[in-house]
Amino acid sequence: MKYQRSSALFKEAQRYIPGGVNSPVRAFKAVGGTPVFVKEAKGAYLYDEDGNTLIDYISSWGPLILGHAYEPVIEAVIEKARKGTSFGMPTEVETDLAKLAISMVPNIDKIRFVNSGTEACMSAIRLARGYTGKDKIIKFAGCYHGHADAFLIAAGSGAVTFGSPNSPGVTAGTAKDTLLARYNDLESVDTLLKANKGDIAAVIIEPVAGNMGCIIPEDSFIHGLRERCTQEGILLIFDEVMTGFRLGAGGAQEVLGIQADLVTFGKVIGGGLPVGAFAARAAIMDHLAPEGPVYQAGTLSGNPLAMSAGLAMLTALHNQPAIFQSLADKTQYLHEGLQNVLTEHGVPYQINRFGSMISVHFTQDPVIDFESAAKGNNETFKKYFHGMLNKGIYLPPSAFESYFLNDALSYADIDKTIEALRSIAPELK
Ligand code: KE4
């Protein structure tokens, strides 16, 4: 594969945009090398600026579950754009998407649209604090809920009392209200609940985690979390920015059989345009301005182009529910193929998979939380990433990300992916 044009474009971008990118993970810092500049995409394929064709396993980090440039979405956006791009006034299409999303997702009566997953999670936390009158939240090490201050927190020195910022610019004042627990570790939650009795507004979690690679919740953990939140009067927030409309029409709530108190969405709900959302029962959502006192707003929230893209996407998923099983089957096929090759070549690995989310970790030990995910051999991962890229397979450029399959992927594409791994496996030992 040649990357001259991507290299030239990256050099120029770095002169005008910090790191040459508008989101850090795109810069290939975790794997080294020059990021690939994409020119266009269709279905399962990316066409980069150097004329390379790549099979895409990130689907724009999740949104493009039906593949790139999905016709009904494209047509809906073009048709809407001809009638204006934004009004700052209510439009019918916002209600259409709200009604459809609410009909697909359990346990929500109302939904508010915003412009990103970060905004959805940030707003959900504020609403939870406003509704409960409490300040503290619990999140889990390794879970990512966007870049709002309250979420950029590492375990503080007194880990059971408060967090500490893990980015400059986040104040100690903010960090003290974010408590950090360990994924799949109920004891770590109980310790925080005991030390902060009556002060916790919400627990926010990725119900199936995708930001440590893919991490699957143990049944006792995720059900235990629900029980504790119910007992303590704490709101359980499912961050379904990744899992929403991907694991099934009803997302993780449906496939795990657990009702959250608040749910956040992003990615798929916008069909590839900037949409985030947060939703709950009316009793909670009616605390939001202008109905209630909790303020939240946005110039482009409910933007008609983005709503049209989301409506076309959710309509397609709603009308073709078999897609979720089709995606899960393809992901299982990929899993089995990769597993056979890595086993044949004696490469230490773990593969975690849930629905159409999957990740490969180069470690002997099961990957059940951030600490075990961090034990993966990153040098091997870098060889794996670049080796597959050179064979025309585009994987997430970080070991701490999940793959997001799209239903445009064919079994022939997956066979090609497995053969690509077979050809590079000897270098991975
Ligand atoms: P955005 O603000 O990036 O739309 O959503 C933030 C967010 C919230 N919650 C979860 C579970 C998420 O995965 C995300 C964003 N996901 C990353 C991928 N790990 C987006 C990719 C990026 O940061 O460029």
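Are Phe140 and Tyr183 buried or exposed? I started my notebook with that one, and Phe140 turned out to be buried, as did Tyr183. A reminder to myself: this is a predicted model.

**Entry 1: the overall fold**

I looked up the secondary structure and found 14 helices and 16 strands in the chain. Next I wanted the overall dimensions. The C-alpha atoms fill a box of roughly 55 × 55 × 45 Å along the principal axes. I then checked the radius of gyration, which is 21 Å; a compact globule of 429 residues would have one near 22 Å, so the chain agrees with that expectation.

I asked how much of the chain is buried, and the figure is 55% of the 429 residues. Taking contacts between residues at least 6 apart, 72% join residues at least 24 apart.

**Entry 2: charges**

I went through the charged side chains and noted 37 positive and 45 negative ones. The centres of the two sets lie 5 Å apart.

**Entry 3: aromatic pairs**

How many aromatic pairs does the structure hold? I have 13 in my notes. My opening residues make one of them: the ring centres of Phe140 and Tyr183 are 6.2 Å apart. Their planes meet at 80°, and an angle over 60 degrees counts as edge-to-face, so that is the label I gave this pair. I then traced where the two residues sit. Phe140 belongs to strand β5 (residues 136-140), while Tyr183 is in the loop between β8 (178-181) and α6 (186-195). The two are 43 residues apart in sequence, so the pair ties those parts together.

I picked Tyr333 and Tyr411 as another pair to look up. Here the rings are 4.9 Å apart centre to centre, with 85° between the planes, and the pair is again edge-to-face. Tyr333 lies in helix α11 (residues 322-344) and Tyr411 in helix α14 (residues 411-424), which links distant parts of the chain, 78 residues apart.

I checked accessibility for these two as well. Tyr333 is partly exposed, at a relative accessible area of 32%. Tyr411 is partly exposed too, at 36%.

How values were computed:
Residues are numbered from 1 along each chain as its sequence is written. This is a predicted model: local features need pLDDT of at least 70, side-chain atom pairs count only at pLDDT 80 or more; totals for chains, interfaces and linings use all residues. Side-chain values use heavy atoms; hydrogens and water are left out. Helices (H or I, at least four residues) and strands (E, at least two) are DSSP runs, numbered from the N terminus. The radius of gyration is taken over C-alpha atoms; the globule rule is 2.2 Å times the number of residues to the power 0.38. Buried means under 20% relative accessible area, exposed over 50%, partly exposed in between (1.4 Å probe, protein chains only). Contact means heavy atoms within 4.5 Å. Lys and Arg count as positive and Asp and Glu as negative; His and the chain ends are not counted. The place of a charge is taken as NZ of Lys, CZ of Arg, CG of Asp or CD of Glu. Rings of Phe, Tyr and Trp (its six-membered ring) pair if their centres lie within 6.5 Å; planes under 30 degrees apart count as stacked, over 60 as edge-to-face and the rest as tilted.
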